Amino acid sequence: MTTFFISCDISYVDDLVQHITLLGLNNYFIIDRVLGKFPQGEPRLDTAIWPGYNALIISIVTEAEAEQLKTLIQGINQKSLTDLEYVYWFESPRTSTNLIL
């Protein structure tokens with residue numbers, strides 16, 4: 001099991017959740033108004049200078065589900081027209097939880 005994090009522009013969340021649901025994943029958390037700067041694109045700090053913000057989708061998944069999510073995100077990123085549309089992911093091994101999975 002791994003904890004899988006997806007960060008994207010807030011406008012992409014609904015589409016990503018639809019894709020995630022189609023993969024059969026139904027356990028996730030969404031944190032909106034995530035501020036920051038990734039290597040590509042402009043900062044999203046929700047200010048007059050750097051408008052916009054991201055959302056963070058967090059899910060505990062199996063290794064196979066993590067691979068499905070990576071493939072999904074890579075496909076989305078290949079279709080991106082600019083760095084501003086890029087979707088980022090990272091994962092962390094799950095060491096313990098009280099969730100019943």
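# Salt bridges, buried residues and cavities

Asp 9 is buried, with a relative accessibility of 16%. Buried means under 20% relative accessible area, exposed means over 50%, and partly exposed lies in between (1.4 Å probe, protein chains only). The model is predicted: local features need pLDDT of at least 70, side-chain atom pairs count only at pLDDT 80 or more, and totals for chains, interfaces and linings use all residues. Residues are numbered from 1 along each chain as its sequence is written, and side-chain values use heavy atoms, with hydrogens and water left out.

## Salt bridges

What does Asp 9 pair with in a salt bridge? Its side chain meets that of Arg 44, at 3.4 Å from N to O. Asp 9 sits in strand β1, while Arg 44 sits in the loop between β2 (29-34) and β3, so the bridge ties together parts that are 35 residues apart in sequence. Strands (E, at least two residues) and helices (H or I, at least four) are DSSP runs, numbered from the N terminus. Arg 44 is buried too, at 10% relative accessibility.

A salt bridge needs a side-chain nitrogen of Lys or Arg within 4 Å of a carboxyl oxygen of Asp or Glu. Side chains of opposite charge can pair when their charged atoms come close. How many salt bridges does a search of the whole structure find? It finds four. The table includes some of them.

| Asp 9 | Arg 44 | 3.4 Å |

Asp 46 is partly exposed, with 31% relative accessible area. Arg 33 is partly exposed as well, at 45%.

Lys 70 is buried at 14%. Glu 91 is partly exposed at 27%. Lys 70 and Glu 91 also belong to a network of salt bridges that includes Glu 67.

Ser 7 lies in strand β1. Is Ser 7 buried or exposed? Ser 7 is buried, because its relative accessible area is 3%. Its side chain makes a polar contact with the side chain of Asn 54, at 3.4 Å. A polar contact is a pair of N or O atoms within 3.5 Å; within protein, one must be able to donate a hydrogen and the other to accept it, and residues adjacent in sequence count only if both atoms are side-chain atoms. Contact alone means heavy atoms within 4.5 Å. Leaving out residues up to four places away in sequence, Ser 7 touches Phe 38, Asn 54, Ala 55, Leu 56, Tyr 86, Val 87 and Tyr 88. Ser 7 and Asp 32 are 25 residues apart in sequence, and their C-alpha atoms are 9.7 Å apart in space.

Thr 2 is also in strand β1. Thr 2 is buried, with 2% relative accessible area. Its side chain reaches the backbone oxygen of Ser 92 at 3.0 Å.

## Two cavities

The structure has two cavities of 30 Å³ or more. On a 1 Å grid over the protein atoms alone, a cavity is a set of points where a 1.4 Å probe fits but cannot get out, and lining residues have an atom within 4 Å of a point. Volume is the space filled by probe spheres set on the points, which are joined across faces, edges and corners.

The largest cavity has a volume of about 80 Å³. Its lining includes Phe 38, Arg 44, Asn 54, Tyr 86 and Tyr 88. The lining divides into four nonpolar, four polar and four charged residues. Asp, Glu, Lys and Arg count as charged; Ala, Val, Leu, Ile, Met, Phe, Trp, Tyr, Cys and Pro as nonpolar; the others, Gly among them, as polar.

The second largest cavity is about 30 Å³ in volume. Phe 4, Ile 6, Ile 20, Ile 57, Ile 58, Ser 59 and Leu 69 line it. By class, that gives six nonpolar, one polar and no charged residues. Which strand gives the most to this lining? β3 does, with three residues.

How values were computed:
1 Å grid on protein atoms, 1.4 Å probe; cavity = no way out; pocket = protein on both sides within 12 Å on 5 of 7 lines; lining within 4 Å.
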